Amino acid sequence: MQLQASTNHSSVMPGVQSRVHREVSGRGFLGLLVSVVTLLVLTGCSSTTFVSTWQSPDIPFGALDGERVAVFFISDSETSRRATENALVRELDERGAEGLAGYTLLTAEEAQDEEAARARLVEEEADAVLTLRVISEEERITETPDTWVQVPYYRSWGRYWERSWYTVRQPGTTRTDTIVRVEILIYEMESGELIWASLSDTTNPDDIDSFVQELARAVDGEMEKSKLLS
């Protein structure tokens, strides 16, 4: 299954970039989320939806129940990696699986070595690997045109004259939404096969912490919906 997403990136005001930089170190996750904070004044809350989800037909109900699932957030930001993996591990543990935070098993450098990573996961007796990766951040602009509030004409000049001053233009609006798209994949360790794949869109995340928590809950719910977790 090939997962595709838009790669439309936008520039960000320097002041906003500095604010986010204080919250997250590293370049990858920062580069994708740095403009999110600018949307707070327009929206105030975020939402996560799933664009598409695929599941292997051979996977039984409750396939991850009681299984050891290693979670890896693919990012060069150690801070965001730890936050995301910890959040998913908590959700998995609450659902009856046993989550393993990837950063406790492999450093970012070690994780890039496939053979070393596989050996470590086998040593930890991981049954599955769940990966998350931010693949795009896109600005979507919605424009509402100007409208005019009209009053009827009257036979009486006085009534018309008075009311006509209330024939006014209601200015159109422009709304900018930031959509952060995340790719979520689950691989079975024994076979190495992909067993579950999904794309999620989060609209106007408030900040990095709330983004991570909401994403973790949303992924957990989607896995439950797919019957991977009972």
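Is Ser200 buried or exposed? In this predicted model, Ser200 is buried, because its relative accessible area is 0%, and buried means under 20%. The residue is found in strand E8, which spans residues 194–203.

Now turn to the pockets. The largest pocket holds about 590 Å³ of space. Its lining counts 20 residues. Phe72, Ala111, Ala117, Val129 and Thr131 lie nearest the centre. Several elements each supply at least two lining residues: strand E2 (68–73), helix H4 (108–111), helix H5 (114–123), strand E4 (128–144) and strand E7 (173–188). H5 gives the largest share, four residues. By class, the lining of the largest pocket has 12 nonpolar, four polar and four charged residues.

The second largest pocket has a volume of about 180 Å³. Ile59, Pro60, Ala63, Leu64 and Glu67 are among its lining residues. Asp127, Ala128, Glu188, Glu190 and Ile195 line this pocket too. Here the classes are six nonpolar and four charged, with no polar residues.

Charge pairing comes next. Side chains of opposite charge can pair when their charged atoms come close. The structure holds 15 salt bridges. One of them joins Glu85 to Arg81, with the closest N and O atoms 3.0 Å apart. Both partners sit in helix H3 (residues 78–94), and because they are four residues apart there, about one helical turn separates them. Glu85 and Arg81 are both buried.

Glu138 forms a salt bridge with Arg140, again described by its closest N and O atoms, which are 3.0 Å apart. Glu138 is buried, because its relative accessible area is 18% and the cut-off for buried is under 20%.

Elsewhere, salt bridges that share partners join Arg68, Glu98, Arg120, Glu123 and Glu124 into one network. Within that group, Glu124 forms a salt bridge with Arg120, and the closest N and O atoms are 2.6 Å apart. Arg120 has 23% relative accessibility, so it counts as partly exposed.

Methods
Residues numbered from 1 in each chain as written. Predicted model: local features only at pLDDT ≥ 70, side-chain atom pairs only at ≥ 80, totals over all residues. Heavy atoms only, no water. 1 Å grid on protein atoms, 1.4 Å probe; cavity = no way out; pocket = protein on both sides within 12 Å on 5 of 7 lines; lining within 4 Å. Points joined across faces, edges and corners; volume = space filled by probe spheres on them. Nonpolar A, V, L, I, M, F, W, Y, C, P; charged D, E, K, R; others polar. Buried < 20%, exposed > 50% of the residue type's maximum accessible area, 1.4 Å probe, protein only. Salt bridge = Lys/Arg side-chain N within 4 Å of Asp/Glu carboxyl O.
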